[in-house]
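Here are a few notes to read alongside the structure. Take them one at a time, and keep the 3D view open as you go.

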Amino acid sequence: MLQRSKTRTQQLSLGRRLLRDRVLLLFALPGTALIVAFHYLPLLGNVIAFKDYQPFLGIGGSDWVGWENFAVIFNGDPAFLRALKNTLILTSLQSVFVFPAPILLALLLNSLFSERIKRIAQSILYLPHFMSWVIVVALFQQMLGGSGLLNNYLRSHDLATLDIIGNSELFHVLLTSQIIWKDTGWATILFLAALSQIDSQLYEATSVDGASRMKQLWHVTLPGLRGIIILLFILRLGDSLTVGFEQIILQQAAVGRDISEVLDTYVYNNGVIAGAWGVAAAVGLVKGIVGVILVLAANKVAHIFGEQGVYSR
Amino acid sequence: MPVSRRTFLGGGLAAAAVAVTGTPLLAGCASDKKNSAAVNAAVKLPTYQKYGAIKPDLPGNDAVLDAFLKYPANPVKAITDKPGDGQPISFITNIPGAIPPAADNNQFWQAVNERLGSELQISMASNDEYPDKLATRIAGGDLPDIINIPPTTVQIPGLLKAKAMDLTEQLSGDGVLKYPFLANIPTVYWKGCVFNGAIYGVPVPRGMSRTTLPLYRADLLAAKGIKDPAPKNFEEFLALAQEMTAAKENKWAWTKPPLPYIRQMIGLPNQWKEEGGKFTSFYEAEGSSEALEAGRKMVEAGVVNPDTFSAKASARKQWFNGGIASFDIDSFVAWNQYYADNTAGDAFSVNMLDVPGFDGGQGKPWMGSALNNVTAFSKDSKHSVETLLKIANWMAAPFGTEEYLFRKYGLEGRHYTLNGTDPTPTKTGVVETGIGLQYISDSALALYWAGKPDVPQRQHAIQEKIADRLVYDASYGLYSETLSKDGARLTKQMTDLENEIMSGNKPVSDWAPAVKNWLSSGGEKIRGELQQAFTATSGK
Amino acid sequence: MTRTVQRRLVNGVPMPGWPMRIFKGLVLLVFCAAVIVPFVGVISTSVAPNKQINESGGLVLFPDSVNFNAYKSLFAGGVVTQALFVSVFVTVVGTLLSLTVSCLLAYALARPGFSAGRPILLVVLFSMLFSPGIIPTYLVVKGAGLLDSIWALIVPTMVSAFNVIVLRAFFMNLPNEITESARIDGAGELKTFAYIVMPLSKAVLSVIGLFYAVAYWNAFFSALLYLNDSKLWPLQLVLRTYVINDTQLGSAELGTELLPPQASIQMAILVISIVPILLVYPFLQRHFAKGVLTGAVKG
C-alpha cells in the first residue's frame, strides 16, 4: 500500500498533489497557522539578539550592536565554562537517571496483576507533578534540611544529623532526585498509553510458545515501546542545554555558583537581571541551533539503525 | 484622539501636543536636556512645607519619624475637592500582598473611585513579576496614565524621557505648594525624582522606616533573664546569640547571619561613602573582610538556623514568629509586620538592638534607602498633568487625616472597627484594601500600631538613639549609568559570594580578589561616574 | 499457590514468582511513601493551628487540632472563586480546542504520502527548539487584538508541538490495515479520522488531553502579561501571588491578628489547585491503564 502511494506521488506534479491532498491540508491548516502566528512570527523579534534592546526604544529604535550580546557565551569566561560544565553534567545525569525512570515505573506498573494496586499506585505517584518548584524546594528543605523534620528528629534523639540540603557535594544528586520525585509518576502515563496500544494477542501468542516473562518483555513489550522511547529521547536531546532554571535558581544561594551555575542561570545572572534582553535572545538562538543540530543528528542515527525517529527519511 | 478644552487651557499644552502628534513638539525645552549631574543639580527642588494640622505624640525630625500612640480623634478632612476629572485613570503597579478582589467586587476600591471622582483602573503584578509586566507594557507602547517605576529599573533617565511627563513646571520651587501634601514630602526624597535636568516623578518616600537593624523577641530573651540587651562589641553580641541557641531543642538564635549589622559595627560605608570628592564602596572599604569573617564565625558557631541559605524569606519570618529564632535583621516596617503575623499571643514583644562598635564604642547605623519607587505619568495620558498631580496629592495625605484613615484602612464598619480612636482592621479590610495605592504616592510613614502604644514608643526610642550617628548612602540622587545598567548583576555576584563565604563554602581570602574583579568589571566605572556627578553638583 | 511447571497465565502473561512480587511491592511502597509523607504534611499544615505551624518551623505532620481558616481566608472576598471559574473555562474550552486542532494536524502528518507532510512536520518540530521572547510574543498577541481578553489564555498556546509530534507517532503506530481497509470501503479522510482513528486512540487522547488540560490549568504567565484586569486572572496566577510575594495577606501598616500563617496558606493553595485534577483523573486513567486494540484488530 505504502509502496503504491509512493510511486503514484512521484508521477503527479506538486500542484496536483496538493489538490489531491486538499482535505489533509485543511486538517493541517489551523494548527500550522497557530504555530506560525504565535511562534515563528514573534521569533522575528529575536533580532534583538543583535541589538542593545531597551523596551522604551522599541525594536526598531534600539541600537545595533553586532555580535556583542553573544560575547557573554563566546568570550571564554571561566564563569561561562563552569556553567557549561555543570549543564553537561546535569543533562547527562538526567538522560541516564531521569529519562528511563518513568519507563521502568511504567513497566513495573504494567507487570502488576492487581488492577487496583496499579491504579492506586499510579494515582499517588503522579501527584507531585502539580507542585511548583517553589513548593517542591520548600518541601525538600522542610523534610530534609538542617532544621527540617528528619534532622530535628535525629538531633533531639542525640543522633548524627544528615547534611543533605545545602551540601554542595550532593547538589547534582539532589537536583536529579527532585526531578525524579516530581515528574516520574506523571511521565509514566505516556508510556502506559503506549503499552496499552500493544495487542494483548501478542502476549497470548508468545505464551503459547512457552516464552518466559523476560522473553515477553524483550520480544513484545519493549518493541512496542521502542518507537515512543526513541522519539522522546530525540526530543529530549534537543533540549539538552536546558536543565531546569527555577529549580536551580531557588537553591543557588545555599550551595554557591561553582556547583549550581548552569547556562540558564548564567544568562539570568549576567543578562536578564541587568535588563539585557538582547543577551537572553542571543543565548536562546544559540541553544536553539545546538538543539536543531542534536535533533537532526540523533534522527540520522535512528535512521541508520532502521528506526523511525521523529520523522522519516 | 479627543483633546479636551481643559487640556488646552491648562498648563498641559506640551502634553496635548504629544497626545496629538505622538512626538514632543517643543524641542529645546527642559525635557530635551541630557541627564548630566550638572543640569540635574540646577533643578530647583520642590519647596518643603510641613503640613502642620496634625500634632504627633512623639515628634520626629529630619531622620526620626513622627510617632502616634493613638489615631487622632476626629481626623481632619484635608481635601475638599475630588481630584479626578471624571474619566478613568489607569495605573500599573506591583503589589506586595495577595491579589485583592476586582473593582466590581471590592467595596474599598469602589469607594476610592467615588472619592477620587475618577475610576481607577489598576493593573497589578506580584513583586517578582512586575519587571516583566512593566517591560512588556513599555515595549507594547501602551503605558497607563500612572506608572510605578522601581529604582532597580534599567536606564530610568532614557525611559522617563521617552515615556513620561516633565513635571518641573508644576512642581519646582513653590509650584508644589499648590499640592500641599506633595509639599509635605521632605526635599531629600525629591532628589531621587530628578533626571534629564527635570522633575520626572513623584516620590514614594521610605528612608528611616527602611532602616534595618536586629529585631529581637524581647519576650523570649526576658524568659532567659535578659532584659534590654545592649552588647558592647561583637564578642558580647556573639555570646548573646549563643545564649539564645539550643540546637538540641531545634532553636537557633538567628534567622540569617546579620552581615549588614556587622558591617555597621565595623563602620563600613552605607553602599558608598564620599570623602573629599572621593567615593569608596562598602565592598572595598577597610574591614569588609573582617565583617565576612565575623559572619562566617557566627554560622560556624551554630547560632544561625542551618537552613538559612536555602529557606525562603517567609520561612525565616516563621522561625522568628514561632520562637525557633529569637533574632532577625529587618526594618521598622517588618517590625510592624511581625505584630500583624503574631501567633504567640499577648506576651509577644519585639524590640531592636542599637549598633555598638565592633571592638567597643559606638557603631555606625545605616539610613534606609530613601525611595520605594518613583511614580511617573505617561506622556500619552489624556489627563491633564494637574489632575494626575492632584491624585498623587490625595494619596500623600499624611497620618492623622481622614483621607489617610480611609486610604489605609477603608470604610468603618466594613473594613475596620473603631477601638476608641484606633482602627482595627477586619478580615474584609485586609483583603480589600491591598490595591497598591501606596505606590502612587505616599506620605512619610508614621510610627503607629493600633492598640499597642508601646510599639511606636519603642520604635521612636531606638530611632532617637541612632539618629545622630546615621550614615547615608552618598550615591543617592547621583546618577551612574553603569550602576543603572549593570548594578544588579554586579551586586548579585557579590551577594552570592558573601553567602558562600559565610556558609563556609569558600574561604574569606576569596573576597579580596572578588572585589578586585568587581572593580575592574564595573565598580571602578561606577565610582568614576558617581564622583563626576558629585563634583558637578557640589558646586551648586 | 502451588508452583507448577506451567505457571498461571493472566492475559497471556505468566505470573511471576514470589521473590519478584515482593521486590516489586517494596519498590512501589518506597516510592509511594516518598510521595505520601510530604503530602500528608501538606494537608496537615493547611489545617493545623497557627501556633503549631510556627513552632514547627513550617511543616506539620500531625496537627494538634483541625481548622479551615486558611481555606476560608483564601475564599474570602471571592477572588479565588472567580479565578476558579476562569480556570475551569480556560481548561475545558482550551483543551477541547487544542485536542481538535492538534489531532487534525497530527493525523494529516501521520498520513503516508501527504505531499506537504514533511515541511509542515519540520515547521512543527523546530518550533520546539526556538523559544520566542516574551516581548515579541506580547506584540503579536496585542496585534491579534487578544489583549485583555480571556482568549489570550487559550489561542497563543493552543498547539503544543510536542503533543502534536507524540500524537502523530501514536497515529502512525496504529495497524495500517485498519485505516487502509476503511479507505477501501470508501471512507473519506474525515470519516477515517473521526470513526476509525479517534476511537482507536482513546489512550493517547486521554494522555494528550491531560497534558493540555494541565498546561492550561497551570499557566499563569500569559495572564500576567496579557490581562490587566485581575478579574480575568486564572486560579494559578491569583494563587501564585500568595506564594511568590512571600508576605502575609495583610499589609504591614494595618495591624491584624486574624490571618493564618503563610505556610498554611501555601499548603491550602496547593490542595485547592490539585483537587480539580484529582477529580478528573480517574475518568481519564481508565483509558490508558488498559488496552483498547484487542477487539479492533480481531474484527
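**Notes on chains C and B**

1. Let's begin with chain C of this predicted model. Among its contacts with a separation of 6 or more, 70% are between residues 24 or more positions apart. Chain C has 299 residues, and 52% of them count as buried.

2. Next, look at what chain C is built from: 14 helices and two strands. An unreviewed UniProt entry lists several stretches of this chain as "transmembrane region", including residues 83–108 and 263–284.

3. You can check those two stretches in the model. Residues 83–108 of chain C are 100% helix and 0% strand, with 37 Å between the end C-alpha atoms. Residues 263–284 of chain C are also 100% helix and 0% strand, and here the end C-alpha atoms lie 32 Å apart.

4. Now turn to chain B and find its open sheet of five strands, ordered E2-E1-E3-E12-E6 with mixed pairing.

5. For a closer look, follow E3 (residues 146–149) and E12 (residues 371–377) of chain B, which run antiparallel and are joined by four bridges.

6. Finally, helix H16 (residues 385–395) of chain B lies across strands E1 (89–95), E3, E6 and E12 of that chain. Its direction is at about 155° to E12(B).

Conventions. Residues are numbered from 1 along each chain as its sequence is written. Chains are lettered from A and ligands numbered from 1 in the order in which they are written. This is a predicted model: local features need pLDDT of at least 70, side-chain atom pairs count only at pLDDT 80 or more; totals for chains, interfaces and linings use all residues. Two strands pair if DSSP finds at least two bridges between them. Two residues are in contact if their C-beta atoms, placed from the backbone, lie within 7 Å. Axes are lines fitted to C-alpha atoms, for helices over the stretch in contact, and angles run from 0 to 180 degrees between N-to-C directions. UniProt positions are given in the numbering used here, feature names are shortened, and annotations may be inferred rather than shown by experiment. A residue is buried if 20 or more other C-beta atoms lie within 10 Å of its own, exposed if 12 or fewer, and partly exposed in between; C-beta atoms are placed from the backbone.
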